[in-house]
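Ready for a few exercises on ring contacts and burial?

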Amino acid sequence: MAATVHNPLFSNLAALKSTQPAHGSAAARAGTRRVGSGSGVRCYQGQASELESRRVTLKNGGDALDICRVLNGMWQTGGGWGRIDRDDAVDAMLRHADAGLTTFDMADHYGPAEDLYGIFINRIRRERPPEFLEKIRGLTKWVPPPVKMTSSFVKEAIDVSRKRMDVASLDMLQFHWWDYSNPGYLDALKHLTDLKEEGKIKTVALTNFDTERLQIILDHEIPVVSNQVQHSIIDMRPQQKMAELCQLTGVKLITYGTVMGGLLSEKFLDTNLAIPFAGPPLNTPSLQKYKRMVDAWGGWSQFQAVLQTLKKVASKHGVKIPTVAVKYILDQPAVAGSMVGVRLGLSEHLKDSNDIFSLVLDEEDVASIQEVSKRGRDLLKVIGDCGDEYRRA
């Protein structure tokens, strides 16, 4: 699906990128009070065992879905990262699942992502035992144009995803809405809730909604379990308003952009992109997107200080920079899971992803990362709340 992003700072974005009590209707009314903008970042909430930290359950009332806390992000199947071979991609999905990375995140507009999942899940059904199948999760997104949301329109779209993914019921449907001046998002979510009651969706969730609209949705007692938002050491916006509301209500955050398309890695440490052809090329949509985020935050020189700090922490623990970057965000309040993009059949980082579960950042690590993260601009003031980069003129 083509999308137009109006913020000049991000004018070239071509695609959309994703232990509190559950809030039933009574809890929602009691808990969803208005949240001010003054809440600060909170870090280091304590550590669970690796077994406990591997999976998490998203809840809202009677709705619940357990997922792997490190999700395989499938935006990279949509083109721009290299040609995806179908068989190689499905083989790679099986390797991820066998390695314990059993949750896959996709969208209706991520090229063949939903179709690949359909082939993959059938191979799981044929080639793995039933108890293995029970651990697999396929999360998808619906990103419609902001037209009139009728019951039949919503149902037809969900049926397409169910058919492509070859499942009777979607594990999770994450809903995105482009235009808040059009309140049709509430109609769409009510129809999605009806489809959940019919058994066509197991859980309803959001992607790139801001705190104000999440509040409104919860006030209407629509049972969303999570909101997928951009969140990284550079982009700490979700901790300023969104996390507070989530902690009050039990809604969780699933984060994407957490390794910034690969910018938060050894590959870009000690590089100078101001010199033509001197550094690694920014040759994917995700690298180009998150380079603009770096520029908005404070520029490449400041970003090098972040990479140097992460490298020091990573070397201390015998892991890679992306592992530290993801773990830091997973430890933030209200964060249930973080996305690691997968270039299926082209490259793999199974060990680095699994290292996230055993990594424990100590107070010294957290303090050093927090200090360097705060050197840049406040992106809440530069861009706005979660998801505003997709809507602001």
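Buried means under 20% relative accessible area, exposed over 50%, and partly exposed in between, with a 1.4 Å probe and protein chains only. This is a predicted model, where local features need pLDDT of at least 70, side-chain atom pairs count only at pLDDT 80 or more, and totals for chains, interfaces and linings use all residues. Residues are numbered from 1 along each chain as its sequence is written, and side-chain values use heavy atoms, with hydrogens and water left out.

**Exercise 1.** Classify the pair of Phe268 and Trp300, and say whether the two residues are buried or exposed.

*Solution.* Start with the rule: rings of Phe, Tyr and Trp (its six-membered ring) pair if their centres lie within 6.5 Å; planes under 30 degrees apart count as stacked, over 60 as edge-to-face and the rest as tilted. Next, the numbers: Phe268 and Trp300 are 6.1 Å apart centre to centre, with 80 degrees between the planes, an edge-to-face pair. Finally, both Phe268 and Trp300 are buried.

**Exercise 2.** Now do likewise for Phe104 and Phe120.

*Solution.* The structure holds 12 aromatic pairs. In this one the ring centres of Phe104 and Phe120 are 4.8 Å apart and the planes meet at 55 degrees, so the pair is tilted. Phe104 and Phe120 are buried too.

**Exercise 3.** Which residue lies over the face of Phe209?

*Solution.* The test asks for NZ of Lys or CZ of Arg within 6 Å of the ring centre and within 35 degrees of the ring normal. Arg391 lies over that face of Phe209, at 5.9 Å from the ring centre. Phe209 also belongs to an aromatic cluster, with Trp142 and Tyr185 among its members.
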